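The sequence and structure follow.

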Amino acid sequence: MATRAQPWQLCWARSSGPVALATGGAASAEGPGRPGPLQDETLGVTSVPSQWRGVQGIRGDTKSCQTASIVTAEASTQTRKHADAEVQTEAPEPVRVQPVSRHDSPRLAAFLQRVEAMVIRELNKNWQSHAFDGFEVNWTEQQQTVTCLHTLSYPPAQGQGMHVTSVSWNTTGSVVACAYGRLDDGDWSTLKSFVCAWNLDRRGLSPRQPSAVVEVPSAVMCLAFHPTQPSHIAGGLYSGEVLVWDMSRPEDPLLWRTGLTDDTHRDPVSQVVWLPEPRHSHRFRLLSVATDGKVLLWQGAGAGQLRLTEGFALVVQQLPRNTKLKKPHRGETEVGATAVAFSSFDPSLFVLGTEGGFPLKCSLAAEEAALTRMPSSVSLRAPAQFTFSPHGGPVYSVSCSPFHRNLFLSAGTDGHIHLYSMLQAQPLTSLQLSHKYLFAVRWSPVRPLVFAAASGEGDVQLFDLHKSSQKPTVSVRQTQDESPVYCLEFNRQQTQLLAAGDAKGTVKVWQLSTEFTEQGPRETEDLDQLAAEVAT
């Protein structure tokens, strides 16, 4: 009888063959035929075939897709007609050789020998002549008188009683800008003001509606257009700040500003000037002077800021003592700068007008440290090299000659214009033009002996030293009620134009007569002779 194995006595064979079932104990010792408690028995082979692979094969799917049918078409074109054409030039004519004229060679040679010395003598005289020096052909119509072309104004500024404190022409000569502020007594530090510009070449020019207007939180005391960027203009404020605007961006014109820091001027800015960088003539820095005695050089930086790069300070103790000056007030240490002009021949040389009435010759190359306690992020240097004989009051304007390296003009509250040489302290000549202040003086950019002055009696006066060294050649009335004329500028591109601003808030553009725009013979030599007389 077969025995049933217990669960723990089952095991699977390791091979993949049939599974054998055996007892868990040892074989009976009794052997076959012998009775015992257990008996071995061999059963048949049991196998279970795998169905998984077959089922997976049956489940295979077949799929397909077809794109939309492609449409093709053929087309052709054919020109409707064609034509051929030919041209033929006329038959060339043979060049006719002019017959050689017959002449008497011996007689011609004799004539040339006779006149040779005389012709050479006359040619040498013509070569040495100065009859046509400075002469330029002018195809424009001759202008016999000085006339007013435009009277420009901005009514909102005039309504506040504001003055035109400065005017400037842009580099193309087509746009004139003016600053509005106040130059009389009073505290104008919180007065909102304007910078206005008119494009005189624009059709439909409206004299009372500027082409561009910038509102400024403080009175603007001075302006200067960029030398190469026609829409960029710098301004100095009553608050001491210096700003640069882009007049072509009416919504957001501000480009750079100095901000109110220790580097900023503490007093109103008197004048701003663009200067080319020494090593990069196409790049420019901005110089500002103020009555706090500082002369500062600024460079545009990131984030709309003007960064101070160099600085100078005018200190009483460091002024050159080559001429007698008034004793400064007790406790006064700084000398207020009221005007600046740079030499056309030496980019580091400049002249300063001062509140003390004496012009100063200065240099950007000065290395001596300034004896001042004014705070600054850069070391301040003392620029003054030479002191000139003073006016009877503060100097409001200076102008260096564009035709001679040693000559410059100054105008002051004493009503005088002084003509100086850089080589001596005393002026060459002194002209009394007004019993009131003189606020501006400018050399002509095209006539070596011509300059213009702005009078406190409402006149614009034009001088031609070739005609007279004592009185103006022409005097034109800017204001009918004798309100002061505060500023004027020649147009360097359209040299027949002169702009002047006054206390009535108007800018007048004057067209000069031909005598003030065409250089005469030997004019430069006459200026050289004038400078030589000063130096002797």
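## Aromatic pairs, cysteines and a loop glutamate

Phenylalanine 439 is buried, with a relative accessibility of 13%. The model is a predicted one. Twelve aromatic pairs are counted, and two of these are described here.

Tyrosine 396 belongs to strand 19 (residues 395-400), whereas tyrosine 437 occupies the loop between strand 22 (429-432) and strand 23 (438-443), so that the pair links parts of the chain 41 residues apart. Phenylalanine 439 and tyrosine 486 are likewise paired edge-to-face, at 4.8 Å centre to centre and 85 degrees between the planes. This pair links strand 23 with strand 27 (residues 485-490), across 47 residues.

| Residue | Relative accessibility | Class |
|---|---|---|
| Tyrosine 396 | 32% | partly exposed |
| Tyrosine 437 | 41% | partly exposed |
| Phenylalanine 439 | 13% | buried |
| Tyrosine 486 | 10% | buried |

Elsewhere, Phe386, Phe388, Phe408 and Tyr420 make up one aromatic cluster. The charged end of lysine 361 sits over the phenylalanine 386 ring, 5.5 Å from its centre.

The disulfide count is zero. For cysteine 487, the nearest cysteine sulfur belongs to cysteine 178 and is 7.9 Å away; because a disulfide requires sulfur atoms within 2.5 Å, cysteine 487 is in none. Cysteine 487 is buried at 7% relative accessibility, and cysteine 222 is buried at 3%.

Glutamate 277 lies in the loop between strand 10 (269-276) and strand 11 (284-290). Glutamate 277 is buried at 11% relative accessibility. Beyond residues up to four places away in sequence, glutamate 277 touches Arg283, Phe284, Arg285 and Gln299.

Notes
Residues are numbered from 1 along each chain as its sequence is written. This is a predicted model: local features need pLDDT of at least 70, side-chain atom pairs count only at pLDDT 80 or more; totals for chains, interfaces and linings use all residues. Side-chain values use heavy atoms; hydrogens and water are left out. Buried means under 20% relative accessible area, exposed over 50%, partly exposed in between (1.4 Å probe, protein chains only). Helices (H or I, at least four residues) and strands (E, at least two) are DSSP runs, numbered from the N terminus. Contact means heavy atoms within 4.5 Å. Rings of Phe, Tyr and Trp (its six-membered ring) pair if their centres lie within 6.5 Å; planes under 30 degrees apart count as stacked, over 60 as edge-to-face and the rest as tilted. A charge sits over a ring if NZ of Lys or CZ of Arg is within 6 Å of the ring centre and within 35 degrees of the ring normal.
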